[in-house]
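Subject: Structure for you to look at

Dear colleague,

My notes on what was found follow directly below it.

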Amino acid sequence: MLQINKLSSILLIVIAVLIAIIIITSNNSNEIDKYAVQKIKIDSLSKIINVLEQDQLKYDNTIAVYRDSLSLMDSQIDSTKNKIKKIQNDYGKKIKDIRSANHDELSNFFTNRYK
C-alpha cells in the first residue's frame, strides 16, 4: 500500500510537471507567434519605407532639374528684358532726333530702318 501511495504521488508529480511544461511551452509559442507577427509587420513597413525613400530621391532629382531649368529661364528673361530696354533707349534717342529732322532726314531714317 505504501508503495502504491508513493507511486501515486510520483505519478501525480510527473503529471503536474508535464502539465506545467505544456502550459509554459504554450505560452512561449504564443510569445514566439506574437514576435513573428511583429517581425513580419516591421519587415513590411521597412520595405514600404525603402520604396518611399527611393520615390523621394526621384522627386528630389526632378525638383533639382526643374530648379535648374527655372534658373536658365530667369537668365533668358533677364537677357531679353535688357535687350528690350536697349532697343527702347536706342529708338527713344532716334525718335528725339526725328522730331527735329526735316523731310529728307526722315526719308533717309525710314529708308535705312527698313533695309
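A search of the whole structure, which is a predicted model, finds 1 salt bridge, a term that requires a side-chain nitrogen of Lys or Arg within 4 Å of a carboxyl oxygen of Asp or Glu. It joins the side chains of Asp43 and Lys39, at 3.6 Å from N to O. Because Asp43 and Lys39 are 4 residues apart in helix 1, about one helical turn separates them. Asp43 is partly exposed, with a relative accessible area of 34%, and Lys39 is partly exposed as well, with 39% (buried means under 20%, exposed over 50%, and partly exposed in between, with a 1.4 Å probe and protein chains only).

There is also a nonpolar surface patch of about 540 Å², made by Ile10, Ile13, Val14, Val17, Leu18 and Ile21. Of these, Val14 lies in helix 1, residues 2-99, and is partly exposed at 42%.

As for the protein chain, it has 2 helices and 0 strands (DSSP runs of H or I with at least four residues, and of E with at least two, numbered from the N terminus). Of its 115 residues, 1% count as buried.

Please keep in mind that residues are numbered from 1 along each chain as its sequence is written, and that side-chain values use heavy atoms, leaving out hydrogens and water. In this predicted model, local features need pLDDT of at least 70 and side-chain atom pairs count only at pLDDT 80 or more, while totals for chains, interfaces and linings use all residues.

Best wishes

Technical notes: Patch = residues over 30% accessible without salt bridge, like charges linked within 9 Å, V, L, I, M, F, W, Y side chains within 5 Å. Areas by Shrake-Rupley, 256 points an atom, 1.4 Å probe, with all protein chains shown as cover.
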